Structure formats: structure tokens, C-alpha cells
Amino acid sequence: MTTHRASTRTDHGPVRAHGTRFLHEDGTPFHPLSTSVPQADGRTLRSLRDTPFTKVRLLDPGLPLDRLDHQVAALGELGLQAEVMLRGRDIPETVTRLAGRPNVWWCAPACHEAQTDIQEHDHGHRPLTVHGPPGTDFGAPWITHASVAHPQTRAVSGLVRDLRKPVLVDDCGAEGDDPGDPERALPGTELLCRLWEAVCRGGYAGHAEAWGEEPWSDGGGRLSGTAVERVAFLREVLEAAPTGLGHTPETYDASTLEASGEYVLQYLGPHRYPRRSFALPGGVWSVEVLDTWNMTVRELDDAGGDRVTVELPAEPYLAVRLRRR
């Protein structure tokens, strides 16, 4: 499997929500490519060392605080943000203990009293969310971003528009073979499609695995799915993108992320389009066709003019990237 070693750099500073995106303290964009595990024990940390993830959700409320603190610190050493589920925990004790960790995020219980406790004890003002379906109240000003459970990641764009804050679909299904839940028995192509759809609609979605008797998302340990290395390709695409990205639903009929006048990334999902046309401002644009599953980039001839048509091989899971020269 192609690996992407997690960065150990921490000099960009803590992550903050900024409009509908995330930035490090020094202004460097942060792209939350998440996975969820109960806890980050030694075996799980060894697996995470060579993954493309930038953020890990720790979901076990019964993990002793000393071990939780150690795991958040260990994730930070790997360059990973750590989101701590606070439901079922002693909030004042947990938040006071972990608030000094520059990589910690909070997932709060739904009640405002608990959220007030978090704010009172969080001297670091870390990212704070609640987790739930799209109808959850994410609107409170102290909720920095939305953590959504929803299999339809195409809903991201509407949530970003309405909430005007970052949206992460942290529970959109899992690659696996769970016989009791079709959303935990997705092929890798479908999970990856959901991740790309979320990104190109202005948000993000989280990875999960449910293979075999010891699934990653239920116990950590070892990753065995096919989507992880493709998430590495997505990360490379995002890290090469400019700042100021946003979804542009009024312009195109496919999921499209743009930096106005500078950059276009359009994801075509399972559709086998023979060509795509783009209305662009003047200038010269580089044109690339990305195969998101096979992780290839095909450069086409530069294009110019007010309208650019890109010829495609009529295959699924492609994206088109246009960059102004």
C-alpha cells in the first residue's frame, strides 16, 4: 500500500475555524482528513504513522484520563489533531487536563450546560463541535464547526451555506463487510466517492473501516481497506490547492470547488462524462484530469478563452483540475 507519513511539524500553531474553512495559527490552511477509533493505543499509533490522516476522533468515554492525555500527546507528535468525545466524561477535569495540548479538539454533549463547562475550562479555545444528524443545532456561536452523521455527503454544500461555518461529515459510512449494516459494508470506491463529494462541495468527510471481526473503527489496530491510500492522493491534491476555496453551486452541475479566478477542482463521481465545459475568466489555464481511484494525473494542453472544454476518457471517479498560469 502506498503510504503518506504524517507530518511531525507543529510550528504552524493550533488550528482555528476561519469562515467555512480551517487555518493554523500562522495562516496555513488545515484540511481535516479524519478517521475515528475508540482510542489510539500503541498498535493504532503505529498504523497511523504511515497514513494520510490529519485528524483522529477518539470515541471511548471510558478511557482513563492519564491514558487519554498520553494518546492526545502521541497523536500530536505524529502531526495529528485529536478530537476528544466528551459525552460520558467529567468535563471540567478532562478539559482542564487537556486544554494545554495544542492539537486537541472537543466534541461536546448536546446540552448547553455541558458546552458552557467546556468554555469555562478551555483556556486554549480549541475547536468545539457537537455530533449528530443534519437537524442537530450547530448554530450556537461557540460551536466552531459542525460534525455531521449523514450518508449523503452531497448535503454538505447546503449545510455550509446555511451554517456559514466548516462542516465535517464525520460519519458517512464505512468501507467493510458488516453483515448487519449496509452503511458499514461499502466498497472502497463508494467511501472514497463520498469523501471527494464532501470536499468538492466545500466541506470534508471522515474515513471509517468495518472489515472482519476486529474492525478498525471499533477497535483501532490495523487498517486493511482500499480507500486509505486514495485518501493520500486527495490530501496531495488539497495541499497543492490555493487558499480561499469554496463550493460554487450556481455555476456547475457537478461538485466543484473553486478559488475565484485562480483554481477549479470538479469531481465527477461515478458518472462517465465524455467531456466537461467550464466558463473561465481570461488568461491561460493548465488542464489536468485526475483519476481519483488509480491516483494518476494526466496533463492536457493549456487552454485559454472564456470557455474551456475538457475531453475525458468516459471513465468513473475522475476529477478535472484547472489552474491559472
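Colleague: Which glutamate forms a salt bridge with arginine 275, and how far apart are the closest N and O atoms?

Modeller: In this predicted model, arginine 275 forms a salt bridge with glutamate 311. Their closest N and O atoms are 3.5 Å apart. The general idea is simple. Side chains of opposite charge can pair when their charged atoms come close.

Colleague: Where do arginine 275 and glutamate 311 lie?

Modeller: Arginine 275 is in strand E17 (residues 275-279) and glutamate 311 is in strand E20 (residues 307-311), so the pair ties together parts that are 36 residues apart in sequence. Arginine 275 is partly exposed, at 45% relative accessibility. Glutamate 311 is partly exposed too, at 46%.

Colleague: What about aspartate 69: which arginine is its partner?

Modeller: Arginine 101, with the closest N and O atoms 2.9 Å apart. This pair links distant parts of the chain, 32 residues apart. Aspartate 69 sits in helix H2 (residues 65-77). Arginine 101 sits in the loop between helix H3 (91-98) and strand E7 (104-108).

Colleague: Is aspartate 69 buried or exposed?

Modeller: Buried means under 20% relative accessible area. Aspartate 69 has 8%, so it is buried. Arginine 101 is partly exposed, at 29%.

Colleague: Now a strand. Which way do the side chains of E16 point?

Modeller: In a regular strand the side chains alternate between the two faces of the sheet. In E16, Tyr263, Leu265 and Tyr267 point one way. Val264 and Gln266 point the other way.

Colleague: Why is strand E16 described as largely enclosed by the rest of the structure?

Modeller: Five of the five residues of E16 (residues 263-267) are buried, so the strand is largely enclosed.

Colleague: Which strands pair with E16?

Modeller: Strand E15 (residues 255-259) runs antiparallel to E16, joined by five bridges. There, serine 255 stands opposite tyrosine 267. E15 and E16 form a hairpin with three residues between them. Glycine 261, in the turn, has a positive phi of about 75°. Strand E21 (residues 318-324) also pairs with E16 in the antiparallel sense, over five bridges. Tyrosine 263 stands opposite arginine 323 in E21.

Colleague: Last, the second largest pocket. How many residues line it?

Modeller: Its lining has 21 residues, and Leu59, Asp170, Asp171, Arg184 and Ala208 lie nearest the centre. The pocket holds about 360 Å³ of space. Eight lining residues are nonpolar, seven polar and six charged. Arg184 also forms a salt bridge with aspartate 178, the closest N and O atoms being 2.8 Å apart.

Key:
Residues numbered from 1 in each chain as written. Predicted model: local features only at pLDDT ≥ 70, side-chain atom pairs only at ≥ 80, totals over all residues. Heavy atoms only, no water. 1 Å grid on protein atoms, 1.4 Å probe; cavity = no way out; pocket = protein on both sides within 12 Å on 5 of 7 lines; lining within 4 Å. Points joined across faces, edges and corners; volume = space filled by probe spheres on them. Nonpolar A, V, L, I, M, F, W, Y, C, P; charged D, E, K, R; others polar. Buried < 20%, exposed > 50% of the residue type's maximum accessible area, 1.4 Å probe, protein only. Helix = DSSP H or I, 4+ residues; strand = E, 2+ residues; numbered from the N terminus. Pairing = 2+ DSSP bridges. Salt bridge = Lys/Arg side-chain N within 4 Å of Asp/Glu carboxyl O.
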